[in-house]
Amino acid sequence: MHNPGTAPQERFPAQTRFAAGAQFVAGRLTNGTSGRTHTVVDPATGAPVYTYELAGTADVDAAVAAARDAFPGWAAATPGERSDALHRLAAVLAERAEEFARAESLQCGKPLKLTREFDVPGTIDNTVFFAGAARHLQGQSAGEYSGDHTSYVRREPIGVVGSIAPWNYPLQMAAWKILPAIAAGNTIVLKPAELTPLTSLLLAQAATDAGIPDGVVNIVTGTGKEAGEHLVGHPGVAMTSFTGSTPVGRRVAELATATVKRLHLELGGKAPFVVFDDADLDAAVNGAVAAALINTGQDCTAATRAYVQRPLYDAFVERTAALMETVRLGDPFAPGTDLGPLVSHAQRDRVAAFVDRARAHARVVTGGEAPKGELADGAYYRPTLVADAAQDSEIVQSEIFGPVLAVLPFDTDDEGLRLANDTPYGLAASAWTGNVYRANRATREIKAGCVWINDHIPIISEMPHGGHRASGFGKDMSAYSFEEYTQIKHVMFDNTAVARKDWHRTIFGDRP
């Protein structure tokens with residue numbers, strides 16, 4: 001369904017705002033030195049919005065050097081000082097919320113209501129959370145575990161973190177990388193996706209304006225092959241955190257392990273949406289459409305595989321298709337728009353190819369095409385429901401990253417849970433039932449980092465986000481993220497003041 005509304009002309013003046021360049025090193029914007037440029041494109045129109053010089057390896061070296069220079073002072077700051085700085089950052093973000101929302105909508109094609117109500121408020125909330133968490137870097141309590149010694153645990157920052165963030169949630173993913181790292185006393189060099197650097201640069205500027213020292217937060221905007229690989233393999237980087245596809249994650253792991261870095265990977269997903277026959281069908285249908293189409297389906301936790309127990313299957317397919325057909329595609333800046341374009345025409349074409357290949361063995365119930373007319377120049381694709389595909393088919397097994405939901409029937413509870421686990425991924429899942437025993441069984445048996453019951457998608461700063469199996473390892477958000485961004489040190493004090501300890505006889509024998 002098209003949205004006839006018009007949008008305000010003012011979007012975000014990226015070319016003016018970042019005239020000095022798309023690299024942020026040691027507290028200032030600079031141009032890249034790769035000798036090549038990249039153009040950020042508005043995916044809703046195909047129009048160019050910002051052309052910049054890409055980062056080369058020299059820019060990565062400069063950013064890592066700035067982060068290394070800033071590390072001793074920032075690591076020595078008290079937890080209270082780091083907390084205060086993050087509270088100031090949250091205040092700056094709140095003041096600039098509309099600017100962030102417009103920049104995110106422009107570069108990604110997200111509806112403005114999504115960036116205003118989800119991306120930006122979620123980032124501010126993450127910032128406030130980590131401002132508090134910075135004062136709670138706790139370890140095991142001190143004690144005399146050996147009898148003759150007192151032991152305690154210190155949590156210490158690791159050093160320079162080299163992080164790579166994806167294009168689907170540029171602001172939130174940048175925050176998920178930056179906030180726990182610097183709250184724990186590390187410094188960071190972040191490489192955003194070259195398609196969507198605008199809000200990462202705004203976030204770095206906001207950090208400086210909030211009084212976070214120069215060099216603590218640095219941004220290098222370049223290609224994965226050049227800037228990204230050089231950052232991951234850099235000997236001055238102590239830890240790598242990557243969010244992106246599983247194939248690229250394997251390459252990141254190869255580079256990081258070659259230099260024995262700490263590694264955190266949040267990779268792809270293929271989230272199952274399991275509807276048992278006692279579920280509230282209306283809730284399940286509404287939940288499926290919202291969870292499949294969030295961010296135009298470009299969400300690693302989006303509902304992509306709906307398994308519906310046989311008694312509800314036909315009604316679920318019919319009602320889900322009908323609800324999808326009411327979703328309004330349109331200009332992200334128009335107030336009536338529900339769904340924007342995909343991030344690029346290349347991504348739109350990739351999604352369309354998945355659906356076209358599925359036609360040979362499955363039924364496209366609704367969607368399955370790009371709209372024509374007023375939206376034809378944008379990277380739009382209609383909400384799509386594919387039914388009756390085989391479990392081992394590409395559309396069920398592979399991550400599509402678009403507004404496509406595949407729905408399959410199952411008969412027994414055992415079968416439904418087995419099918420839910422029958423992909424390589426394990427990031428997120430949901431189960432829909434009114435039976436507490438079924439719900440508890442689903443949470444136990446579904447192999448995923450997050451399992452929702454009678455909902456799908458909500459996240460909160462206090463709880464961890466991360467996957468199992470091919471979806472990676474490590475956690476974003478929550479206090480658990482400090483386990484990724486801190487070193488654990490055991491400190492042990494002798495309490496005896498005895499020069500020759502009893503255990504020394506293993507070396508000195510029976511000599512007096």
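Me: Is arginine 469 buried, partly exposed or exposed, and what is its relative accessible area?
Reply: Keep in mind that we're looking at a predicted model here. Arginine 469 lies in the loop between strand E17 (450-453) and strand E18 (472-473). Buried means under 20% and exposed means over 50%, with partly exposed in between. Arginine 469 therefore lands in the partly exposed class, with a relative accessible area of 38%.

Me: What's the phi of arginine 469?
Reply: Most residues other than glycine have a negative phi. Arginine 469 isn't glycine, yet its phi is positive, near 55 degrees.

Me: How many aromatic pairs turn up, and what geometry does the one between phenylalanine 129 and phenylalanine 130 have?
Reply: Searching the whole structure gives ten aromatic pairs. For phenylalanine 129 and phenylalanine 130, the ring centres are 5.1 Å apart and the planes make 85 degrees. Planes over 60 degrees apart count as edge-to-face, so this pair is edge-to-face.

Me: Is phenylalanine 129 buried or exposed?
Reply: The cut-off for buried is under 20% relative accessible area. Phenylalanine 129 comes in at 19%, so it counts as buried.

Me: Which ring pairs with phenylalanine 130 at 90 degrees, and where in the chain is that partner?
Reply: Phenylalanine 130 itself is buried, at 2% relative accessible area. Its ring and that of phenylalanine 482 have centres 6.0 Å apart and planes at 90 degrees, so the pair is edge-to-face. The two link distant parts of the chain, 352 residues apart: phenylalanine 130 is in helix H5 (residues 112-133), and the partner, phenylalanine 482, is in helix H16 (residues 482-485).

Me: Which residues do ring pairs link into a cluster?
Reply: Rings pair if their centres lie within 6.5 Å. Such pairs join up a cluster made of Phe12, Phe18, Tyr50 and Tyr52.

Me: Which ring does the charged end of arginine 500 sit over?
Reply: To count, CZ of Arg has to be within 6 Å of the ring centre. The charged end of arginine 500 is 4.6 Å from the centre of its ring, which belongs to phenylalanine 508.

Me: And what lies over the face of phenylalanine 354?
Reply: This is another case of a charge over a ring. At 5.1 Å from the ring centre, the residue is arginine 357.

How values were computed. Residues are numbered from 1 along each chain as its sequence is written. This is a predicted model: local features need pLDDT of at least 70, side-chain atom pairs count only at pLDDT 80 or more; totals for chains, interfaces and linings use all residues. Side-chain values use heavy atoms; hydrogens and water are left out. Rings of Phe, Tyr and Trp (its six-membered ring) pair if their centres lie within 6.5 Å; planes under 30 degrees apart count as stacked, over 60 as edge-to-face and the rest as tilted. Buried means under 20% relative accessible area, exposed over 50%, partly exposed in between (1.4 Å probe, protein chains only). Helices (H or I, at least four residues) and strands (E, at least two) are DSSP runs, numbered from the N terminus. A charge sits over a ring if NZ of Lys or CZ of Arg is within 6 Å of the ring centre and within 35 degrees of the ring normal.
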